[in-house]
Amino acid sequence: ARATIWTTLFSELGPAAAQEAHAGRRAALCGRMGEWYVRAGHAEYARPCFEQALGANAGELRALVGMALLFEQAGDEEHLRQVTARLPTAVPPGVAPSLLMRLALLQERRGDDAAAAKALDQVLEGDPGDEDALEALERVLGRQGRWSDLAERLGGRAEQVQVVDPDGAAELWRRVARLQMEQVGDLRVAERACRAALDLGGVDSQCHEILESIYAQTSRWPELAWVLEERLGVSTSSREQVALLARLAELEEEEFLKPDEAYERWKRVLELEPRNEHAHDRVCDILRRLSRWQELVEAYERRAAASQDDPSRAAFFAEAGKVLHTELGDSERAALHLRRATKLHPGSVEAAGLLAEVLDGSGDPEQAYEAFLSLASSAEVPSERARALTRAAGIAAERLGRREVALELLEQAVTSDPSHVEAVSRLRQERVAAEDWSGAARA
């Protein structure tokens with residue numbers, strides 16, 4: 001059927017061209033017939049048609065382009081140069097867009113970017129959304145470094161089509177924004193292009209990302225917060241939501257000086273990622289600065305619950321116990337948390353020491369005594385061991401009535417660290433109390 005169509009066309013068009021008396025119309029008919037022969041796969045018949053067209057009208061554009069493409073395909077560089085030299089520098093109006101496109105691509109391949117740009121402009125005047133023409137124009141002007149010209153052209157096309165093709169116009173505005181951002185460096189125009197794309201409606205993550213970069217570079221914090229909120233509102237990725245919430249939290253804390261708001265953002269991060277260490281650190285730091293002690297304890301408890309590493313869990317329980325003891329005066333809960341810490345990490349001198357301090361002040365001398373002994377047994381630093389033994393000795397002597405045990409403990413403390421002033425002083429006191437004058441003198 002296809003062959004029948006071509007046969008019919010050629011049988012009718014050939015005689016018509018031969019009988020046409022007007023040279024211009026005859027050239028146009030021959031040029032079109034040659035183009036159809038090319039499309040039908042008969043280049044050998046196309047060339048005579050193009051030659052007839054050029055014989056009738058040396059400037060017949062369709063024939064010139066057709067001949068040039070035939071010579072290019074055949075690798076005939078000499079004849080190709082001769083034909084391309086006859087191509088017009090300015091194409092008259094009314095030329096078919098498909099022909100203009102072939103001409104532009106030919107000129108681009110021949111290295112004549114200026115002529116190619118003119119032809120592409122004419123294509124886009126007829127069809128502002130022609131994707132092939134836009135891509136070619138971007139290549140041509142890009143090689144010349146004419147980024148501002150390209151952005152201006154794309155923006156003009158966007159304005160022309162935004163009513164009939166808002167999606168296409170939005171894509172054009174995004175291209176303008178990227179060019180202005182990455183090549184021209186005009187952030188103000190890039191922002192306007194993004195806003196124009198957003199005004200056309202719909203979710204536009206690309207524009208949001210460009211605006212985010214612009215506002216961060218120019219320290220426009222309220223606008224940056226707005227665009228981060230916009231991105232957060234449409235995000236379906238928990239990873240992306242965590243990153244956006246973290247950025248917002250940092251803005252609230254560092255630029256807007258709103259630690260309460262920052263705290264709420266970090267809490268949402270932890271809802272998405274309970275083991276996010278940075279978010280935990282920020283939550284605890286903010287609560288400490290705001291003196292919100294009960295919430296700080298709860299934060300440490302949540303962090304301990306989320307941690308799978310025993311030393312880390314021990315440290316979080318120890319911090320909770322410390323806050324309960326020093327800030328809330330809740331010795332019972334403090335001791336509970338500190339016991340958890342020492343159970344998880346028996347070698348934690350800090351937790352064991354604090355537990356001993358808490359028990360010493362809670363009216364339970366026996367448990368305090370045992371806690372200091374436990375601390376002394378785990379301490380590796382001589383001064384820390386001497387201090388723990390000295391505290392145990394003080395409880396034994398003053399609250400449990402075990403003077404002899406206290407004396408032994410103090411001797412161990414001095415042996416561990418002979419320079420420990422408190423241990424030496426207490427040992428001397430105990431020996432005086434026992435009327436051991438020579439021992440007191442030695443101490």
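**Notebook: helix packing and selected residues**

Entry 1. I looked up the surroundings of Glu-35 and found that, residues up to four places away in sequence not counted, Glu-35 touches Phe-50, Arg-62 and Arg-102. I note here that the model is a predicted one. Glu-35 belongs to helix α2, which spans residues 23–40. Is Glu-35 buried or exposed? With a relative accessible area of 13%, Glu-35 is buried, because the cut-off for that class is under 20%.

Entry 2. I turned next to the pair α9 and α10. I recalled that two packed helices are described by the angle between their axes and by the distance between those axes. Helix α9 covers residues 147–161 and helix α10 covers residues 166–184. I recorded an angle of about 160° for their packing, and their axes are 8 Å apart. The two helices are therefore roughly antiparallel to each other, since angles over 145 degrees are placed in that class. The crossing in which α9 passes α10 is left-handed. On the α9 side, I listed the residues that make the contact, among them Trp-147, Leu-150, Ala-151, Leu-154, Ala-158 and Val-161. On the α10 side, the contributors include Pro-166, Ala-169, Leu-172, Trp-173, Val-176 and Leu-179. Charged residues also take part, including Arg-157 and Glu-159 of α9 and Arg-175 of α10. By class, I noted 13 nonpolar, 4 polar and 3 charged residues in the contact of α9 with α10.

Entry 3. Which residues does Ala-151 contact, once its neighbours within four places in sequence are left aside? They are Val-176, Leu-179 and Gln-180. The C-alpha atoms of Ala-151 and Val-176 are separated by 4.9 Å, although the two residues are 25 residues apart along the chain. Ala-151 has 4% relative accessibility and so counts as buried.

Entry 4. The crossing of α11 and α12 is left-handed. In α11, the residues that meet α12 are Leu-187, Ala-190, Glu-191, Cys-194, Arg-195, Ala-197 and Leu-198. Their partners in α12 are Cys-207, His-208, Ile-210, Leu-211, Ile-214, Tyr-215 and Gln-217. I recorded the division of this contact as 10 nonpolar, 2 polar and 2 charged residues.

Entry 5. I checked two loop residues for their backbone angles. Most residues other than glycine have a negative phi. Ser-219, which is not a glycine, has a positive phi near 55°. Ser-219 sits in the loop between α12 and α13 (221–234). Ser-219 counts as partly exposed because its relative accessibility is 41%. Leu-257, likewise not a glycine, has a positive phi of about 55°. I located Leu-257 in the loop between α14 (238–255) and α15 (259–272). Leu-257 has a relative accessible area of 64% and is therefore exposed.

Entry 6. Last, I inspected helix α17, residues 293–306. How far does α17 reach from its first C-alpha to its last? The 14 residues of α17 reach 20 Å, close to the 20 Å expected at 1.5 Å a residue. I listed the buried residues of α17 as Trp-293, Leu-296, Val-297, Ala-299, Tyr-300, Arg-303, Ala-304 and Ala-306. An α-helix has 3.6 residues a turn, so residues three or four places apart point the same way.

Conventions:
Residues numbered from 1 in each chain as written. Predicted model: local features only at pLDDT ≥ 70, side-chain atom pairs only at ≥ 80, totals over all residues. Heavy atoms only, no water. Helix = DSSP H or I, 4+ residues; strand = E, 2+ residues; numbered from the N terminus. Expected span 1.5 Å × (residues − 1). Buried < 20%, exposed > 50% of the residue type's maximum accessible area, 1.4 Å probe, protein only. Axes fitted to C-alpha atoms, helices over the stretch in contact; angles between N-to-C directions. Parallel < 35°, antiparallel > 145°, perpendicular 65-115°, else oblique. Left-handed = near helix turned anticlockwise from the far one by under 90°. Contact = heavy atoms within 4.5 Å.
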